[in-house]
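Please examine the sequence and the structure before reading on.

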Amino acid sequence: MDKITIIKKYFPNIKKLHIPQEKSIDALTDGKRVLTLMPTGEGKSLIYQVAGLMLKKTTIVISPLIALMKQHHSELEERGFSSVFMSGLTYQQQFKVLTQIAKGSMPDFIFLSPERADTDGYLEFVLNLKRDNIGLIVVDEAHCISQWGEGFRPAYKNIPIFLRRVFGPNNWPRVLCLTATLNNDDQNQVIDDFEIDEVIKSPSLWRNNLDLKLYNLGTNKDKTKEVELRAIIKKHEGDKILVFVHRKYGNKGTTRTLYESFSKEFEQCAFYDADISDKEKDRVLEGFMSGEIKIVFATSAFGMGVNISDIRVVVHYLIPESIEQYYQEVGRAGRDGKTAYGYLLLSNQSKSGRKRLIQASVSSESSIKNEYDEKSSGKKADFGSVKNEDFTDEKRIAFALLVEYGVIQVKAKGVQSYKCFKASGNAGKAFLEDIKKYSKTGLTKVICKKKGISINDLVANTWSLCAQGELKLVSSPAKALFYAIDDELSDDILNQIVNDQEEKREKRLNEFVDFVEAIERGEKAEAIVKKGLNLEVK
C-alpha cells in the first residue's frame with residue numbers, strides 16, 4: 001500500500017501530512033537514512049508508523065520514553081498491528097517472547113529502551129537471527145545521543161555499536177532519527193554516528209501557541225520560587241500543570257517536598273520520579289491523562305515521556321542547563337494547538353545549584369582510572385565480566401568512555417551463571433550436563449576457563465539453544481557484559497578522554513551562562529530560544 005492508502009485505512013483522523021512528514025516517509029522508502037527535526041506535537045511518530053508499514057518489515061523503535069512507547073504500542077495494537085513493548089515485560093516474559101520470535105514471525109513493531117539494546121544478549125542474538133526481516137530502525141529523542149547533561153544515558157551513545165553487532169558494519173536497514181531540537185554540533189555528531197543521508201526540518205521549529213515567561217527573582221526574599229509557583233497554580237487552577245523540579249531528594253525544592261507542601265493546599269496533586277514504583281508511575285500517568293490529577297511535580301524523565309495533548313502549563317522550578325533542554329521540556333505543553341503557558345523561575349540559588357550539577361556531571365580523571373584499574377586487574381585472563389546491576393551511574397559512564405576510546409571491548413552479552421536455565425530438549429540437556437563437568441555452580445567464567453572455550457562461542461551456543469527452544473529460563477538471570485582489555489590506558493589516551501570531557505563541560509557551562517545572562521538582561525523567552533537554537537520563523 002502507498003502512504004495515502006495506509007493513512008486513510010489506519011489513521012483516518014489524519015487529514016493531511018505535514019511537509020516534513022511526507023518528505024521523511026518518501027526518503028525512508030527510497031532507502032535513505034534520515035534525521036528529522038519537527039516541533040513537539042506535530043506527529044513525528046506517524047513518520048515511522050507509515051514508513052514501517054509501507055516497507056512491510058519490522059520497525060524497531062529505540063526510545064528513552066517508557067510512557068510514550070507504552071502509549072504508542074497500545075494504539076498500534078488497537079489498530080490491529082502486532083507490537084512488542086519490551087520495557088513492559090519482565091525478563092522472563094521477554095525471554096519467552098524472543099523465543100517465539102526466533103521460531104516464528106516478526107511483529108510489525110518492537111519498542112525497546114537504549115539500555116535493553118545495550119545490555120541484553122538474547123535480544124541482540126534474536127534480532128541478528130531475524131535481521132533480514134527488519135526494515136527500519138527508529139532512534140527517538142535523538143538529541144540524547146550527544147547530550148552529556150543531567151540524566152545522560154551512555155546506552156544512547158552505544159546504539160551504533162548495537163546496530164553493528166546486529167546487522168554488521170555495512171548492512172544496516174533504513175534509519176530514522178527524530179528530535180524536536182538539535183544544535184549544529186550535535187546534529188553533525190548524529191549525522192556522523194548514523195551516516196545520515198538526508199536532514200529534514202520543519203519550516204519553523206517554533207511553536208506559536210506557547211506563551212513563555214521568564215521570572216528573574218534574584219535574591220528577592222519576598223518573591224521566592226515557592227511564592228511564585230503558588231501564584232501560578234492559583235492563576236491556572238483547574239488546568240493541567242507540569243512542574244519540572246529535576247531533583248528527587250533534598251530538604252526543599254524536590255519532587256517530594258513540593259508535593260508535600262502543595263498537596264495540602266491544592267487537590268489532585270502527585271509527584272513522579274525514577275524511584276517510585278512502576279504501579280505508582282502508571283497511576284500518575286493515567287491520572288494526569290484522564291484529568292483526575294491536575295498538578296504533577298516531576299523530574300525531566302516524566303516530561304519527556306508524556307504525550308498528553310492538553311497540558312496547559314509547564315513550570316521550570318529549577319532552571320534547565322540549556323536553551324535546548326528548556327525548549328524540549330516546555331514543548332510538552334499545548335500539544336493540542338491551543339494556547340499554553342511556560343514559566344521559568346530563576347533565583348541566584350538555583351543558578352548556582354545548576355552550575356554545580358554541570359560541574360559534577362562529566363567523568364573525572366580519577367573515576368576513569370579507577371574503572372580501568374578495576375576492569376584490568378584480571379587482564380591475564382581472556383576476559384572479565386561485570387553484572388549490569390553492579391554499575392553505578394559514575395562507573396557506567398567511565399566504562400562507556402573506555403569502550404568509546406577503544407581501551408575496552410565488549411566481547412559478549414550473557415549471564416553470570418547457568419543456574420537460571422533448564423533443559424527442554426535433548427540438545428539442551430546435553431549442553432547443561434556438559435557444563436556441570438566444569439562448574440557445579442554454573443559460573444560462566446569458570447566454564448570457559450576449564451572447558452577451553454571462548455566466551456563468544458559459549459554465549460552464542462547458549463542463545464542458539466534458547467532460540468531453538470532447547471533451553472528455558474526458570475529464574476531471572478544475572479545479566480553480564482563480558483569484556484576484554486584491548487589497549488592500555490596510556491597517559492595520551494587518558495589525557496584525550498579527560499580533555500574531551502573538560503571541553504564538553506566548558507561548552508555546557510558557557511551555554512548555561514549565556515542562557516542565564518539573557519534572562520538577567522530581561523530578554524523575552526521567544527527571542528532567547530530562537531537565537532539560541534537558530535530557529536527559522538515562518
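## Salt bridges and their surroundings

Lys 3 counts as buried, because its relative accessibility is 14%. The model under discussion is a predicted one. Within this predicted model, Lys 3 forms a salt bridge with Asp 26, and the closest N and O atoms of the pair are 2.9 Å apart. Lys 3 belongs to helix α1 (residues 3–10) and Asp 26 to helix α2 (residues 19–29), so the pair ties together parts that are 23 residues apart in sequence. Asp 26 has a relative accessibility of 27% and therefore counts as partly exposed.

Side chains of opposite charge can pair when their charged atoms come close. In this structure, the count comes to 30 salt bridges. A further example is the pair of Arg 33 and Glu 195, whose closest N and O atoms are 3.5 Å apart. Arg 33 lies in the loop between α2 and β1 (34–37), and Glu 195 lies in the loop between α10 (184–194) and β7 (198–201), so this pair ties together parts that are 162 residues apart in sequence. Arg 33 is buried, with a relative accessible area of 12%.

Asp 211 counts as partly exposed at 30% relative accessibility, and Lys 213 is partly exposed with a relative accessible area of 27%. Salt bridges can also share partners: in this way Glu 226, Arg 230, Lys 234 and Glu 265 are joined into one network.

| Salt bridge | Closest N and O atoms |
|---|---|
| Lys 3 and Asp 26 | 2.9 Å |
| Arg 33 and Glu 195 | 3.5 Å |

## Lysines at the surface

Which residues form a positive surface patch? The patch is formed by Lys 96, Lys 103, Lys 422 and Lys 472. Lys 96 is placed in helix α5 (residues 91–103). With a relative accessible area of 57%, Lys 96 is exposed, because a residue counts as exposed when this value is over 50%.

Another lysine, Lys 15, lies in the loop between α1 and α2. Lys 15 counts as exposed at 75% relative accessibility. Lys 15 and Leu 98 are 83 residues apart in sequence, and their C-alpha atoms are 37 Å apart in space.

## Cysteines

A disulfide is a covalent bond between the sulfur atoms of two cysteines. How many disulfides does the structure hold? The number is 0. Cys 466, for instance, is in no disulfide, and the nearest cysteine sulfur, that of Cys 420, is 8.1 Å away. A disulfide requires the two sulfur atoms to be within 2.5 Å. Cys 466 counts as buried at 0% relative accessibility. Cys 177 likewise counts as buried, at 0% relative accessibility.

## A covered helix

Is helix α15 mostly covered or mostly open? Helix α15 is mostly covered, as 8 of its 8 residues are buried. These buried residues are Ile 323, Glu 324, Gln 325, Tyr 326, Tyr 327, Gln 328, Glu 329 and Val 330. One of them, Tyr 327, has its place in this helix, which spans residues 323–330. Tyr 327 counts as buried because its relative accessibility is 6%, and a residue is buried when the value is under 20%. Tyr 327 and Ser 105 are 222 residues apart in sequence and 41 Å apart in space, C-alpha to C-alpha.

## Positive phi angles

Most residues other than glycine have a negative phi, and most peptide bonds are trans. Glu 141 has a positive phi, near 50 degrees, although it is a residue other than glycine. Glu 141 is placed in the loop between β5 (134–139) and α8 (154–157). With a relative accessible area of 6%, Glu 141 is buried.

Gln 268 also has a positive phi in a residue other than glycine, with a value near 60 degrees. Gln 268 lies in the loop between α12 (255–262) and β10 (269–272). At 38% relative accessibility, Gln 268 counts as partly exposed.

Technical notes. Residues are numbered from 1 along each chain as its sequence is written. This is a predicted model: local features need pLDDT of at least 70, side-chain atom pairs count only at pLDDT 80 or more; totals for chains, interfaces and linings use all residues. Side-chain values use heavy atoms; hydrogens and water are left out. Patches are made of residues with over 30% relative accessible area and no salt bridge: like charges are joined within 9 Å, nonpolar side chains (Val, Leu, Ile, Met, Phe, Trp, Tyr) within 5 Å. Accessible areas come from the Shrake-Rupley method with a 1.4 Å probe; for residues, only the protein chains shown count as cover. A salt bridge is a side-chain nitrogen of Lys or Arg within 4 Å of a carboxyl oxygen of Asp or Glu. Lys and Arg count as positive and Asp and Glu as negative; His and the chain ends are not counted. The place of a charge is taken as NZ of Lys, CZ of Arg, CG of Asp or CD of Glu. Helices (H or I, at least four residues) and strands (E, at least two) are DSSP runs, numbered from the N terminus. Buried means under 20% relative accessible area, exposed over 50%, partly exposed in between (1.4 Å probe, protein chains only).
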